[in-house]
Amino acid sequence: MILLRTNKLLGILTLSQFIELLGAAFFNIALLVYASQTSNPKAATTVVVIANTIPSILQIGLGYFADKANDKLRLMISTRILQAILYFFLMILFGLSMNEWLLFSFIIMINVSSDLLSGITSLATLPVIKHIVPSKKILEARSLQVSIMSLVNVIGQVIGVTFLTFLNNNFSYFSALNTLLFLISGLVLLVSRKAFNEKIQIASKTSVSEAENNFLQSIKISMHVVRANKSLMNILFLFAFLNLLVGSVEGLISLSLLQYPKIYIQSYGFSLSLANTALASGLILGSFLTNDFFKSFKLNTLIIGLLLFLIVLCFDIIYFPNIYVIITSFFGIGYILGKISPRVSTYVMTNVAETQLGQITGFMNTLVTLSVPIGQLIFLSIANSFTVNISWIGMLILSMLLIIYIFLYKKI
């Protein structure tokens, strides 16, 4: 937090991102509430869940547009204003009388469009951070931003539901609130544009010509960059594999707890929420506390530490289920993951050319996003076809193999 106070521009940029993410979190939960009130809530909720994953899967494409923009700050301000216009249009739609499913289609399109714009601005932010933050402070800056983004994801939906309840589920007023949030987010940057431009170096003519490659050429160049940098390729592989494992843990634990009612704290729901809260809290604290015991640990060491927590969790559930060990393991996994994510992001930022930063980061985000449902599909299919414990055994074996891989990679 000291860095946000001492670096005024980083504080302004982070504040703008916080307000934007809050608006996105607000409407994502509001959309689920609206879907639950339709004539076919199951179908509508499924559409919402699927639609919310589209922007994450398309990150590699969003990175291309972020890199192509010569003036990143102008792009961020413009997209926030455009998002405000989209939600203002939605506010008007809610006030009209139209077919339920036609309105729902418009809502989905506007929300997905807004999330796509948020994805572009998020990737465009990275080169800006490189200009306004000293290289020695980039890891700290990214850690703070990751912790704030994680915090918004946790509290944003709770606050959003509270506001929606206060407004008596008036989605028109709620859209007006979102319009205001995105406008404020853009204005925060607009009033400080001169100060930003004094720090940000506008891309040279050489950079512009590189950015003018078409989409497919840009993807090929990015793939070549990743393949040519063995360390980067290794980091992306490990990070994607970690998310594949960790992303499957929450689904598996919900099935595992059903088998062991004796270990509950009060009830199944309360025990499950404690475990998930421990994971989220660990992630926030891990990224927020930048000067703790793990500060001097290398990335490979942190990954091994996370895998050891995962191994402890697997052994506990397979042999002697204990809710307190589960909660502690979840917190440990989240805490170290909170350390790993900013390290990976910082490595990419400092080792990739500015003209390719958005594309490479987008590729990484797409890879990570796809790894989570793939992991869930694999482990939950095994759990439903055989037993939950076989899934945990599979996760245990994969975790051990990954540790062996890390030790072998050091020798390459």
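N169 sits in the loop that joins α7 and α8. This is a predicted model. N169 has a positive phi of about 55°, although it is not a glycine. With a relative accessible area of 29%, N169 is partly exposed.

N168 is found in the loop between α7 (138–166) and α8 (171–190). Its phi is near 55°, again a positive value in a residue other than glycine. N168 counts as exposed, because its relative accessibility is 68% and the cut-off is over 50%. As background, most residues other than glycine have a negative phi.

**Helix packing around α3**

Two packed helices are described by the angle between their axes and the distance between the axes. Helix α3 covers residues 41–57.

| Helix pair | Axis distance | Axis angle |
|---|---|---|
| α2 and α3 | 8 Å | about 160° |
| α3 and α6 | within 9 Å | roughly 20° |

Take α2 and α3. The angle between them is about 160°. Angles over 145 degrees count as roughly antiparallel, and α2 and α3 are therefore roughly antiparallel to each other. Their crossing is right-handed. On the α2 side, the contact uses N28, L31, L32, A35 and S36. On the α3 side, it uses P41, A44, T45, V48 and N52. By class, this contact has six nonpolar and four polar residues, with no charged ones.

Now take α3 and α6. Their axes cross at roughly 20°. That makes α3 roughly parallel to α6. Here too the crossing is right-handed. From α3, the contact draws on A44, V47, V48, A51, N52, I54 and P55. From α6, it draws on W101, F104, I108, N111, V112, D115 and L116. These residues divide into eleven nonpolar, two polar and one charged.

A44, V48 and N52 of α3 meet α2. A44, V48 and N52 also take part in the contact with α6.

**S114 in α6**

Helix α6 spans residues 100–132, and S114 is found in it. Is S114 buried or exposed? S114 counts as buried, because its relative accessibility is 1%. Leaving out residues up to four places away in sequence, S114 touches Q83, L86, Y87 and F182.

**Nonpolar cores**

In soluble globular proteins, nonpolar side chains tend to be buried together. In this model, the largest nonpolar core has 113 residues. Which of its residues touch the most other members? They are F196, I340 and W392. Helix α2 (residues 8–36) gives this core its largest share, 14 residues.

**Helix α4**

Helix α4 runs over residues 59–68. Eight of its ten residues are buried, so α4 is largely enclosed by the rest of the structure. The buried residues are Q59, I60, G61, L62, G63, Y64, A66 and D67.

S329 is found in helix α15. S329 counts as buried, because its relative accessibility is 2%. Leaving aside its neighbours within four places in sequence, S329 is in contact with F309, V312 and L313.

P321 is found in the loop between α14 (299–319) and α15 (323–351). At 24% relative accessibility, P321 counts as partly exposed. Not counting residues up to four places away in sequence, P321 touches Y260, I263 and D316. How many residues separate P321 from T165 in sequence? The two are 156 residues apart in sequence. In space, they are 39 Å apart, C-alpha to C-alpha.

Methods:
Residues are numbered from 1 along each chain as its sequence is written. This is a predicted model: local features need pLDDT of at least 70, side-chain atom pairs count only at pLDDT 80 or more; totals for chains, interfaces and linings use all residues. Side-chain values use heavy atoms; hydrogens and water are left out. Helices (H or I, at least four residues) and strands (E, at least two) are DSSP runs, numbered from the N terminus. Buried means under 20% relative accessible area, exposed over 50%, partly exposed in between (1.4 Å probe, protein chains only). Contact means heavy atoms within 4.5 Å. Axes are lines fitted to C-alpha atoms, for helices over the stretch in contact, and angles run from 0 to 180 degrees between N-to-C directions. Angles under 35 degrees count as roughly parallel, over 145 as roughly antiparallel, 65 to 115 as roughly perpendicular and the rest as oblique. A crossing is left-handed if the near helix is turned anticlockwise from the far one by less than a right angle, and right-handed if clockwise. Ala, Val, Leu, Ile, Met, Phe, Trp, Tyr, Cys and Pro count as nonpolar, Asp, Glu, Lys and Arg as charged, and the others, Gly among them, as polar. A nonpolar core is a set of buried Ala, Val, Leu, Ile, Met, Phe, Trp, Tyr and Cys residues joined through side-chain atoms within 4.5 Å.
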